[in-house]
Structure formats: C-alpha cells, structure tokens
Amino acid sequence: MLKNYTLVALRNLLKNKIYSFINITGLSIGLTCSILILLWVQDEMSFDTFHPKADRLYQVWLQARWEEEIGSQTSLPLPTYEALKTANSHIERVAVSDWGSNHLLSVDENPIIKQGLFVSEEFLQMFEFPLLKGEAPTTLNDPSSIVITQSTARALFDEEDPMGKVVRVDDKYDLKVTGVLEDVATNSSFQFDFLLPWKLNEQTDWIKGQQQEWDNHSFQVYAELDDASQKAAVENSIRDIVDKHGKLDFKRELFLYPLLRWRLYSNFENGVEEGGMIEYVQLFTIIAVFILLIACINFMNLATARSERRAREVGIRKSVGSRRRELVIQFMSESVFITLLAFLIAILLAELVLPYYNNLVDKKLFIDYTSWQFWLASLSVILFTGMVAGSYPALYLSSFQPVKVLKGKIKAGKEAVTPRKVLVILQFGFSILLIIGTIVIYQQIQLVQDRELGYTQENLITIDSNDGLQQNYEVLKNDLLQSGLVEAMTRSNSPITNIYSNNFLGWPGKPEEQRVIFTTIAADYDYTETMGIKVLEGRDFSKDFASDTTAILVNQAGMDIMQLEDPLGTQLDLWGEKRTLIGIVDNVLMGSPYQPVSPMFVILNPEWRGSVTLRLAKTNDLPDLLARIKEIFIKHNPAYPFEYKFADEEFQKKYITINLTKRLANVFTALALLITGLGLFGLASYMAEQRTKEIGIRKVLGASVVSIVSLMSKDFSRLVIIAFVISAPLAWLALSTYLERYPIRTDIHWWIFPITGVVALLFALAFVTTQALRAAQANPVKALRSE
C-alpha cells in the first residue's frame, strides 16, 4: 500500500511539473526559514542547561523597597557570602565572584589581555564547567593559583602542558596553573578566559575593607540547594539577612533567582519579573509558524484548485471499493511525502546559508545530526507540516461522490472556491502582519538610534585602566597633549558607554521618604571637555579651585527631580558628607538607549579606577595616529599592550538585540512574501487556464485586453482588501503591546497601514496581472476550437 501511494505521488509530481515545483519550492523555503529560526530559538533556550546541577543553582538577588517602588539587582554586600553558608541547612554551597574584568596575562614576555573572574573555591563545584586538567574542589584553594581555558592555555604556552607553569597577572602576581577548562560555551551566562582565586582578591585593601560592610553592593553571590523544592523555605530564611545588618533606611530583601531563567527572564519591573530575551524567542517562533502556515496554504490552495483533475481518480477508486478513510490516508501520505522531499531540500538550503546566517545572528549554530532530539523534531515538523498542508485537500477530494464524478456532473474546482478564498485571505493577512511589524520595528530602531547622546562620539577612544596607567597618568597625559596627537584626556570610574556605579543623593527640601538613584561618575579633570559634554550652568572641575575635591556636578535629569530654585552653590548630601554643586551638565545617554536618561552626578576622584578616555586629534591617517599614540603609551606603561575601544563602536553594542530583530524580520518577511508570491502565481495561472474558454468567448464578443485583465484581477484584489481590513487592527494591537516594553518608543503612525495595504495589493496584482495578460492575449480560436 505504501509503495502504491509513493508511486502515485511521484506520478502526480512528474505529471504536473510547474505546480510540483511551486509546492516543493514554497514548502522548502518555509521549512528552511523555520529550521534557521528554530536553531536560534533552541540556542537561546539552551543557555546554561549544560550544568549538571542547573535546576539547583541560583543567583542571590536583592530587592530594595522604598516609597511605592521596588528595585531588583544582583549586586550584594560582601558579608552576604559568609552569612548564607550557615543560614539554612538546605543551602549546600555558596560562591562569590566579582563582575569580571580584563587582566594582563604574560609568560616569557608574551603579554595578552584576557577576561577573568575572581571566584571563590566553591564556584567550580557548583558550576561544573568541564575541566580538562585539575580537580574542581582544589583548583582554586591556593591564593597563588589560576585556572585557564584551553584557548588561553594555547595563547600562553602554545602546545606545551600548562599545568604547574607560572603566569604573571597584571604585572604583579605570579600564579601557578592548577586547572585547564574547556573553552566556555557560547550559550553560557558566564563568559571568561580564566579564573582567579577569591583568596587572592581578599589580600587587597579594597576587599579587606568590605568584609564587614553591609551597605556597599558590589559583589555577585550564588547558592546551590540540595533540593530545588526547598527554594521557598530557603528564601524565607534568608530574606532579611542584609536588612538586619545594614544601616540604610529602606527595606532590603534577598531572594533566589534560578540559573535556568537568567538568560530569558531576567528583566524586572518594580520587583516583578517582566520577561527579557524570551520575548524575542516568542516573536521569532511566531514568525516561523507564520511562514510555515503561508507555505502550507500554498499547498492547500493549489491542491484544491486542481481537484477537478483528480476527481475521476477518486471516482474510480471509490467505485472499485476504496473507502473514504483510505482515500484520506492516500492524500495525506502524498502530502507528507512532498513535505519530506521539501524538508530534505530545506536541510540542504539551511546548510548552505548557515555560514551567512551565523554572521547575521552572531552565533555558531549548526545542525547536530547525531542528536535524537533533532530527528524527533524533524519528524514532528514533517508530520505537522504534511498533515496541516494535506488535511483540507484530503478531506475535500475524498468527499466526491463517484457517480457524479464519473458522469462529469461535478466541477470540483468551483466547489472549493470559498474555502480557497479564505486561505488566500489568511495568507495575505499573515504577510500584511509581517510587513507592518517590520516597518514599526525599523521605526523603533531609528528612534533610539537618533536620540541625542549628550556627548561627542567622534574620535573618542577608551582604554581600560591598570596600575601602570594610574601611576604614570599625569606624565602620560602631558606627553600626549604636547605631541598634538590628542585634543583632551581624562579618566573615570566607567567608560562613557557604560554605568558601573549608582548611589543615592540628598538635597535641601527632599522629602524624607524619597529615594532617587543617581548614576555615579568619579572622574579626573577635563572630563566634560574630553567627552564633549555641555556645561549648561556653572563650571567643570578646575585645578584653580582646591575646594573642588568636595564639589559635585549634576545632570539636567537630576535637576529636574530636585527642583532647586538657585542650584549653584547648593550643598548636596553624599555618603554622609556635604558636596557643593558647582555645575549643571547636559543629559548623557550612557545606559540603555530604550530608557530615559537617569539622573547623574560627577565627583572629582581620579583614584576610582575604571578607564582612560582620549579625544583624538583630527587626522586623515588614523592608523598612523594610533601607532604614534601607542609608542607613547608603551613608553610609560611597557608591561601592558596598547588596546583601545572606539566609543561609537561600543555604544552600537547596545543595539545588538534590536538590530538582530530588524535583520531577521527583514529577511524572513521577504521570504514570506516570496512564498506568497509563488503560491499566488500558481493559483492565478491555474485560474487563467480554467477560464480559457470564457476569455475566448469574451474576446470574440469584443472584450478588450484591459477589461479581461481587470475582470481576472478583481477577485484577487477583493481578497487582499479583506485581508488588510482584518489584519491591520490585529497588527496595531500586537505592535502596541510589543512597544509597551520600551519607555522610549515610536508612535504607530496611521500612514503605515494604507501604504502597507497598497504595497500588498500591488504585489498581488503583479503576479495576477502577468497571468491575466497571458490569457487575454492568447488567440481565442485555439481556446474555442473544440466547441
């Protein structure tokens, strides 16, 4: 029976080559899009799942409550680490880490800059990154140890065994390699090239001063439970640990956030989890389903349109004893067979475009043919697509009555007109939704990318600070300025493109219960000049005023909150000390481009290490300018390689996710339209073929080509208009919901809808008109020869 079904399916494919090509091409493109999208979705969903104890691992978060607001953060006081170890018997392990930063690693005058984390000895026992060499319980016990990844080992030691060898870190620590890890997977929330022992960090004055400090939130803490079902009980027991010890006058509560939700759900609004990357996962999953449904609708439409040609086959099969169930199975089998062919082509297409797709999404995706999950998913997709695409044609064709069919009293194609129209409306409805969505996403991206930055990005570079730069900063600055290679230079606790610190600030007249978090910038002289920030009132820090060590600058957003009548000279409260307001600066967009600019203050504190920023001199030969700057840097800081980042390139990284959304939406919308166009072409050509005699008679009676084309185009135009009327309000509703996540968001302009409707109509007419013209220009004698 299966052999018979296969032979019949192949015979029909070869007999109707054009329609077979359209069906298989449409399904292949639809399946290729779905495969590519689902590879990306699977990668996002797989984040951190490779840890054997992933379901029992948590990050300890803190919720700060003041007035009617709740802030959620991962930064905790350092004493939380030790306190949690004995807080509850179900807490099996606790680990602490810093935020990670770049460090200098060198072996035999071979310096490289790599990303590293200070972590406690429990870290590798909790997060079981694969160790190629060494033992997880002991690798980080010694303060003079270091654990490196395989690629870092290769960069430092080539093919030599690195175990036991010494690596000099930051030109001051000689550490012995006690472990080698596999390179960290790209689907890990942790990204590092090496790990340093927390015991080494504890030897620094900074950490020594934080051991009993409950009001400085600067550290990451993780917990492993012995039983995930005890999460609620553990949270109850640890909730008030920080609040009991701290001196701040607002409520602080701890809670556990599961490792498996870090990637997809870690956005919080007023203490409530409000999604994250999961929204993009859901968006592209919906797009994949839309594209697949459009391809399935093509199949349904062409199958039912051509049903008259298979009506006699159905009649003969029924007359010799075939039951309807057997016919349904036959037609469904043919559909699944065609889907299987399309899937095989889709796999080939996916493999061909994967290198380009990986560049597009900035991932290393691949099809794992050894995975049983892949084959199960493939079988599911083939069966689902085949059943959906073949369901209506199978039920429709199998319903024919053999007596009427064999007597020629049935016109099967005409009886399917209404359902077919519904399918065309659905198909164009999906396409219109995708077009409108693509336009609005583009406008949202343009809105945030066109925002005023509040500083000048051109010719601005940043360099991570280090001991050598700190010690030789003044002489280095003098040499660079005298060389004419830079126009200005400064240093600060964070680069202009990021926010590393936030603090509360007080002012005269502030309501006692009001708490406002200010972005905190600790800078050296020439900060506003180097960054190109406008001083709206007052002045910047100056060496002419010794009192500026206790002065402060505030941005316009901060002043809007404080509402001071005569602000300059006002005494502001910071960390229990008074600071004199000497200047008001323009708002600077340092954080998320989708959020309003936060209130910010700047204090003079050059010892708060972060980054050095240079305003390069204007030049027509940038490589030569940087090479000459490098010479001066190496002269004053010989231990470190000269590595820099352009501010504009770093800022563009903030748009990675939404730019990805734009690129993928553009590509898949175009492909969805291509599939729709293919189906419309096939349907229009078949309808023209069916009306050949009618067109011939009309031409004989004097009908013009224009009137015939208009007649054939009218039905399709009506369907596109109905699809637009249905999908436009749905698109507005869906996009309004989508944009609500962005405080800075575009309006959904009314003109988008009529433009999209016109484009969809012209797109449909382009395909229909070509076939209508072909039919209208045919010789009527040939059409009527048999009459």
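**Reading strand β8 and the cores**

Modeller: Let's start with strand β4 (residues 101–106), which pairs with β8 in the antiparallel sense over two bridges. Strands are DSSP runs of E, at least two residues long, and helices are runs of H or I, at least four, both numbered from the N terminus; two strands pair if DSSP finds at least two bridges between them. Ser 106 stands opposite Arg 168 in β8.

This is a predicted model, where local features need pLDDT of at least 70 and side-chain atom pairs pLDDT 80 or more, while totals for chains, interfaces and linings use all residues. Residues are numbered from 1 along each chain as its sequence is written, and side-chain values use heavy atoms, without hydrogens and water.

Colleague: Which strand forms a hairpin with β8?

Modeller: That is β9 (residues 173–181), paired with β8 in the antiparallel sense over four bridges. Three residues lie between the two strands, and Asp 170 in the turn has a positive phi of about 55°. Val 166 stands opposite Lys 176 in β9.

Colleague: Which residues touch the most other members of the largest nonpolar core?

Modeller: A core joins buried Ala, Val, Leu, Ile, Met, Phe, Trp, Tyr and Cys residues through side-chain atoms within 4.5 Å. Here the largest has 111 residues, and Trp 40, Tyr 357, Tyr 455, Ile 496, Tyr 527 and Phe 668 touch the most other members. Helix α11 (residues 277–305) gives the largest share, 17 residues.

Note on methods
Buried < 20%, exposed > 50% of the residue type's maximum accessible area, 1.4 Å probe, protein only.
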